[in-house]
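Please open the structure in a viewer and keep the selection panel at hand.

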Amino acid sequence: MSFGAKVRLTRWAVVLAAIAALEVMPRIGFGDSITLIPLSEILPELFEMIASGEMTEHLLATGGAFALSFLLAAVTGVPLGFLLWRYKPLKRTLDPYLTTYYAIPIFAFYPLLLAVLGFNIWPIVFIAWAWAVVAVVMNTAIGFGEVPQVLTKVGKSMNLSRWQTISRIFFPAAVPYIFTGLKLGMVYSLIGVIASEFVLSTRGLGYLVSYSYVNFTTAAMYAAMLLILALAILLNWALGGIERRLYGNV
Amino acid sequence: MHIQIKDVRKVFEGRGDEKVEALSGIDLTVSENEFVAIVGPSGCGKSTLLEIVAGLTEPSGGEVLIGRDPINGPHPEVGIVFQQESTFPWRTVLENVEFGLEMHGVGKKERRERSLELIELVGLQGFEGRYPGELSGGMRQRVAIARTLVMDPGVLLMDEPFGALDEQTRLILGDELLRIWSRTEATALFITHSIEEATLLSDRVVVMSARPGTTRKVVEVDLERPRDSSVVSTPEFGRLTGEIWEVLREESMKTLKGQERGGS
Ligand SMILES: Nc1ncnc2c1ncn2[C@@H]1O[C@H](COP(=O)(O)OP(=O)(O)O)[C@@H](O)[C@H]1O
Ligand SMILES: [Mg+2]
């Protein structure tokens with residue numbers, strides 16, 4: 001068997017082992033029957049909730065808040081990252097804030113956000129955006145900074161305009177870094193939305209998890225978790241696909 | 001188009017008071033359609049000189065003329081191929097070669113035609129749709145050469161384009177370069193650290209001194225054209241490379257001794 005085949009086999013084995021453990025552990029009495037239930041009971045619950053339409057409003061609420069916050073993080077983060085790279089004094093001024101940024105637990109400020117923005121979708125979108133945008137900003141700025149000098153010399157030797165140099169050399173050369181930022185930003189904004197929904201919402205997958213937990217409807221809780229997991233994997237895969245499209249196959 | 005390099009000097013201002021004198025008064029004229037190679041110990045200022053001629057670096061003194069134009073920025077008639085990897089990894093071979101034409105607003109049909117011609121000239125037909133990441137180092141350098149040649153430059157500057165490759169590959173690509181160059185009418189200034197490559201390709205070989213760089217010796221290469229790498233085994237070739245090596249050896253020793261003393 002080739003090395004690659006072994007790696008793939010091992011990957012699947014890990015997934016299968018996790019699924020098997022989730023199925024078997026509750027059945028052999030590991031953990032109590034309220035907190036841990038077998039996968040074979042979770043999946044029918046999930047399909048039932050989807051089919052009955054019960055899941056729809058939660059999925060839409062989470063999906064909407066996520067799409068909004070991620071889109072905002074992308075359209076604000078990339079230009080901000082560009083500015084940060086372009087204007088060195090700006091970067092030097094903001095550097096201490098940026099490097100300590102993720103040490104700040106933004107979630108702790110939710111009462112303030114509720115007071116300012118009201119009990120609606122916006123506190124959630126704000127937290128998720130704030131959590132995601134800096135990852136996009138930092139990676140974009142790094143990406144522009146890492147463009148090999150020789151590529152800009154090629155542009156200069158061909159008498160490119162400033163705009164052409166930025167749009168046709170710097171930007172495409174920075175794309176892999178920007179995508180790293182967007183992928184992180186996507187994960188962060190999903191985390192931001194789900195975590196905010198625990199306390200800031202009466203709808204959404206995050207709300208469903210916490211509500212089901214409090215009300216001992218464990219199967220529904222796991223169903224929501226499974227859906228979150230599926231969503232995260234799907235989104236990451238989609239963005240990876242776009243990246244490969246844009247950048248050939250390197 | 002000819003190149004005139006007149007008393008060109010370059011001092012790099014380092015951090016603090018530290019200054020690096022890279023070039024100290026280079027004089028060199030390359031005639032229309034002539035092929036001149038420059039060899040010299042590493043760090044003697046070869047790349048600096050080429051970038052000054054390309055209008056990418058400002059000299060601290062002296063001047064460069066391309067035809068009749070004094071250089072104070074990139075000249076549209078000058079094309080340059082760099083020492084470092086310089087293809088655009090996000091563009092296919094064809095898109096890389098089309099780059100300059102596209103930036104200058106040449107129509108799609110015309111730039112495709114011209115680019116395909118150049119791709120064929122550098123022997124990359126069949127690879128038009130590939131990305132640089134899928135090619136070998138030698139193939140990528142040929143893409144870079146085609147990307148420069150498609151602009152039809154009157155002056156072609158090349159900075160160790162095959163420097164990263166082994167000697168055999170280099171000589172074979174040298175053959176190809178001779179063939180390609182004979183089809184263009186470009187005046188060529190070519191930098192290399194390989195004496196064989198310099199002798200095989202050029203009409204004259206300029207040997208530079210250790211840093212700060214000056215022209216230490218100019219060797220006329222009176223080997224018949226068209227040539228190919230089979231001249232490497234002739235006694236005349238051996239005599240020429242021997243002559244170059246004698247001077248280069250001395251200068252390289254100076255560089256080495258300088259490094260051993262802890263300078264650079
Ligand atoms: N931008 C720069 N700033 C400071 N020193 C430089 C710069 N570019 C080159 N140098 C120095 O100038 C000298 C000549 O460099 P270079 O022209 O690259 O040499 P070569 O191409 O002959 O190996 C070297 O000592 C190098 O360190
Ligand atoms: Mg060099």
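How many residue pairs are in polar contact between domain 1 of chain A and domain 2 of chain A? The count is three residue pairs, with both residues at pLDDT 80 or more; the model is a predicted one. Salt bridges between domain 1 of chain A and domain 2 of chain A number zero.

Across the boundary, nine residues of domain 1 of chain A contact seven residues of domain 2 of chain A. The two domains bury about 740 Å² between them, and carbon and sulfur atoms account for 59% of that area. Next, select Leu22(A), Glu23(A) and Ile34(A): within domain 1 of chain A, these residues lose the most area to domain 2 of chain A, together 49% of what that side buries. By class, the side of domain 1 of chain A that touches domain 2 of chain A comprises five nonpolar, two polar and two charged residues.

Now move to ligand 1. A polar side-chain atom of Thr48(B) lies 2.5 Å from an oxygen atom of ligand 1; for Ser47(B), the corresponding distance to an oxygen atom of ligand 1 is 2.8 Å, and for Arg211(B) it is 3.4 Å. Finally, show the surface: the protein covers 61% of the 560 Å² of accessible area that ligand 1 has on its own.

Technical notes. Residues are numbered from 1 along each chain as its sequence is written. Chains are lettered from A and ligands numbered from 1 in the order in which they are written. This is a predicted model: local features need pLDDT of at least 70, side-chain atom pairs count only at pLDDT 80 or more; totals for chains, interfaces and linings use all residues. Side-chain values use heavy atoms; hydrogens and water are left out. Contact means heavy atoms within 4.5 Å. Buried area is the accessible area (1.4 Å probe) that two parts lose on being put together, summed over both. A salt bridge is a side-chain nitrogen of Lys or Arg within 4 Å of a carboxyl oxygen of Asp or Glu. A polar contact is a pair of N or O atoms within 3.5 Å; within protein, one must be able to donate a hydrogen and the other to accept it, and residues adjacent in sequence count only if both atoms are side-chain atoms. Ala, Val, Leu, Ile, Met, Phe, Trp, Tyr, Cys and Pro count as nonpolar, Asp, Glu, Lys and Arg as charged, and the others, Gly among them, as polar. Accessible areas come from the Shrake-Rupley method with a 1.4 Å probe; for residues, only the protein chains shown count as cover.
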